[in-house]
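The tour goes stop by stop: select, look, move on.

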Amino acid sequence: MVPVERALETVVAPLLAEKKPALLLVLDGMNEAVYRELQEDLVAYGWIEVSEVNDPPPRCLVSALPSATEFSRCSLLSGALTRGNAAQEKQAFAGHNKLRQLLSTRFPPLLMHKQDIQQPGSGGLAPEARARLAGTEHKLVGVVINAIDDQLSSSSQVVVHGSLQSIPMLRQVLEAAREGGRAVVITSDHGHVLDHDSQFAPTQVESHNGERYREEGAVPSEQEVEVSGPRVLTASQRAVV
């Protein structure tokens, strides 16, 4: 178990210490089942899963709470428990002390989001993003891909299986990373509630947080859990999830 805010130091930094260029690939909305589908495709495309020890147990990141993008993804990409948006993620990623010590001062860690990697009009990988991934100057590049979340939030009544064909941007990013000789670390941005046998339970409390959580003052129902402590990043360090 690795706290999400320590992933850069624990998982990514050792690759850079071995002088291996790396890609940190954050699939927004991915869960274990989606990754297992993707893994079959990755093997078919010639990617090999590696670890520092033989026959390792699955490495699991522990989400920040509430388990939502503004808390957990920002903590992942910042290397500290924090709350923020994409612009703050970029700044913190580029300024991460441990990573900067392992990289050239001219080419600090580089993080790209949807607007940085997607070419307007075609929806393909932007030439500048491809050049950075396939090049050798930036030894560490982070990429956030929202394709899975975009599908989950759309009104399309279809189920798209996780594959490199159904997520073209992922395939193009990986192709460019291969050209750059990069090791690829794949992770989700936060945890996910198991949706099997679940049911919708409307709340009487108005909340801007949607289905994810409610902040202080909320009384948990039998279907909910109240959490508190330093890893809960609301103002009161309490939330009902």
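A nonpolar core is a set of buried Ala, Val, Leu, Ile, Met, Phe, Trp, Tyr and Cys residues joined through side-chain atoms within 4.5 Å. Keep in mind throughout that this is a predicted model.

**Stop 1: the cores**

Select Leu24, Leu77, Phe93, Leu99 and Leu140. These residues have the most contacts inside the largest nonpolar core, which has 27 residues. Now colour α1 (7–17), β2, α3 (69–78) and β5: each of them supplies at least two residues of this core. Which element gives the largest share? That is α1, with six residues. In soluble globular proteins, nonpolar side chains tend to be buried together.

Stay on leucine 24 and show its surroundings. Beyond four places in sequence, leucine 24 touches Leu8, Val12, Leu77, Phe93, Val141, Gly142, Val143, Val185 and Thr187. Next, pick Leu23, Leu25, Ile145 and Ile167. They are included in a second, separate core of 26 residues.

**Stop 2: valine 144**

Select valine 144 in strand β5. Valine 144 counts as buried because its relative accessibility is 0%, and the cut-off for buried is under 20%. Show its contacts. Leaving out residues up to four places away in sequence, valine 144 touches Val26, Arg73, Leu77, Leu111, Met112, His113, Lys114 and Ile117. Then draw a C-alpha to C-alpha distance from valine 144 to alanine 86: the two are 9.7 Å apart in space and 58 residues apart in sequence.

**Stop 3: glutamate 89**

Go to helix α4 (residues 86–94) and select glutamate 89. Is glutamate 89 buried or exposed? Its relative accessible area is 1%, so glutamate 89 is buried. Which side chains make polar contacts with that of glutamate 89? One is arginine 73, at 3.0 Å. Another is histidine 113, at 2.8 Å. Glutamate 89 is then in contact with Thr69, Arg73, Cys74, Leu77, Leu111 and His113. Arg73 and His113 are also among the residues that valine 144 touches.

**Stop 4: the aromatic pair**

How many aromatic pairs does the structure hold? It holds one. Select phenylalanine 71 and tyrosine 213: their ring centres are 5.7 Å apart and their planes are at 75°, so the pair is edge-to-face. The pair links distant parts of the chain. Phenylalanine 71 is in helix α3, tyrosine 213 is in the loop between β6 and β7 (226–228), and 142 residues separate them. Phenylalanine 71 counts as buried, at 0% relative accessibility. Tyrosine 213 counts as buried too, at 4%.

**Stop 5: helix α9**

Select residues 168–179, which make up helix α9.

Now show the side chains of Met169, Leu170, Gln172, Val173, Leu174, Ala176 and Ala177. These residues of α9 are buried. The buried residues of α9 pack against β2 (22–27), α2 (32–44), α6 (114–117), α7 (127–134), β5 (140–145) and β6 (183–188).

Follow one of these partners. Select alanine 134, in helix α7. Not counting residues up to four places away in sequence, alanine 134 touches Ala176, Glu179 and Gly180. Just after α9, stop at glycine 181, which takes a positive phi of about 65°.

**Stop 6: backbone points in the loops**

Select leucine 65 and proline 66. A cis peptide bond joins them, with omega of about -10°. Proline 66 sits in the loop between β3 (61–62) and α3.

Move to lysine 19, in the loop between α1 and β2. Lysine 19 is not a glycine, yet its phi is positive, about 65°. Lysine 19 is exposed, with a relative accessible area of 72%.

Finish at glutamine 237, in the loop between β7 and β8 (238–240). Its phi is near 60°, again a positive value in a residue other than glycine. At 37% relative accessibility, glutamine 237 counts as partly exposed.

Notes
Residues are numbered from 1 along each chain as its sequence is written. This is a predicted model: local features need pLDDT of at least 70, side-chain atom pairs count only at pLDDT 80 or more; totals for chains, interfaces and linings use all residues. Side-chain values use heavy atoms; hydrogens and water are left out. Helices (H or I, at least four residues) and strands (E, at least two) are DSSP runs, numbered from the N terminus. Buried means under 20% relative accessible area, exposed over 50%, partly exposed in between (1.4 Å probe, protein chains only). A polar contact is a pair of N or O atoms within 3.5 Å; within protein, one must be able to donate a hydrogen and the other to accept it, and residues adjacent in sequence count only if both atoms are side-chain atoms. Contact means heavy atoms within 4.5 Å. The expected span of a helix is 1.5 Å times one less than its number of residues. Rings of Phe, Tyr and Trp (its six-membered ring) pair if their centres lie within 6.5 Å; planes under 30 degrees apart count as stacked, over 60 as edge-to-face and the rest as tilted.
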